[in-house]
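Dear colleague,

Please find below the structure that I am handing over to you. My notes on what was found in it follow directly after.

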Amino acid sequence: MQVFALFLLAIAIPSAWAELLQLDDDSFAPYARSQPVMLALFSAPWCKENCDTLRGELQRAHDKLRQLDPPVHVVEVDVDASPNTKEEVGIQGVPGLKLYRNGQPSMYRGRRDAANFVFYMELMS
């Protein structure tokens, strides 16, 4: 009975995590050029613990990042499914994180947790 109650509670509470927009070889470059500011997570299906942790932190920061001026768009690219993007961007390992301004990449140099994603991006505005 307790397990069933926990299940009902879990489905009744909306998730605080926003899904990241998934981009691929066809959509990455045009999307990056179209956004004033974008944070891109480069991951792979086999990268479980580290990629999942970083994805979770970005998901937690998502709503606050979108409220900044200009809004920060957060995306994810599966480097195994998007080898051209991986090569063009120069991703050597996953998880990778890059900051884009009007399509121009730079290294993200802040700490990798939700609060610091927001803090760093506020400083960069």
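Phe28, Phe42 and Tyr100 come together in one aromatic cluster. Please keep in mind that the model is predicted.

Aromatic pairs

Across the whole structure, a search finds 4 aromatic pairs. One of them joins Tyr108 and Phe117: the ring centres are 5.3 Å apart, the planes form an angle of 50°, and the pair is tilted. Two values are given here because a pair of aromatic rings is described by the distance of the centres and the angle of the planes. Are Tyr108 and Phe117 buried or exposed? Tyr108 has a relative accessible area of 6% and is therefore buried. Phe117 has a relative accessible area of 0%, so this residue is buried as well.

Gly96 belongs to strand E4, which covers residues 96-101. Because buried means under 20% relative accessible area, Gly96 counts as buried at 9%. Which residues does Gly96 contact, leaving aside its neighbours within four places in sequence? They are Ala40, Leu41 and Phe42. Ala40 is 56 residues away from Gly96 along the chain, and the C-alpha atoms of these two residues are separated by 8.0 Å.

A patch on the surface

Phe119, Leu123 and Met124 form a nonpolar patch on the surface, and their accessible area together is about 310 Å². Leu123 is part of helix H5, residues 114-124. The relative accessible area of Leu123 is 58%, so this residue is exposed; the cut-off for exposed is over 50%.

With kind regards

Definitions and conventions
Residues are numbered from 1 along each chain as its sequence is written. This is a predicted model: local features need pLDDT of at least 70, side-chain atom pairs count only at pLDDT 80 or more; totals for chains, interfaces and linings use all residues. Side-chain values use heavy atoms; hydrogens and water are left out. Patches are made of residues with over 30% relative accessible area and no salt bridge: like charges are joined within 9 Å, nonpolar side chains (Val, Leu, Ile, Met, Phe, Trp, Tyr) within 5 Å. Accessible areas come from the Shrake-Rupley method with a 1.4 Å probe; for residues, only the protein chains shown count as cover. A salt bridge is a side-chain nitrogen of Lys or Arg within 4 Å of a carboxyl oxygen of Asp or Glu. Helices (H or I, at least four residues) and strands (E, at least two) are DSSP runs, numbered from the N terminus. Buried means under 20% relative accessible area, exposed over 50%, partly exposed in between (1.4 Å probe, protein chains only). Contact means heavy atoms within 4.5 Å. Rings of Phe, Tyr and Trp (its six-membered ring) pair if their centres lie within 6.5 Å; planes under 30 degrees apart count as stacked, over 60 as edge-to-face and the rest as tilted.
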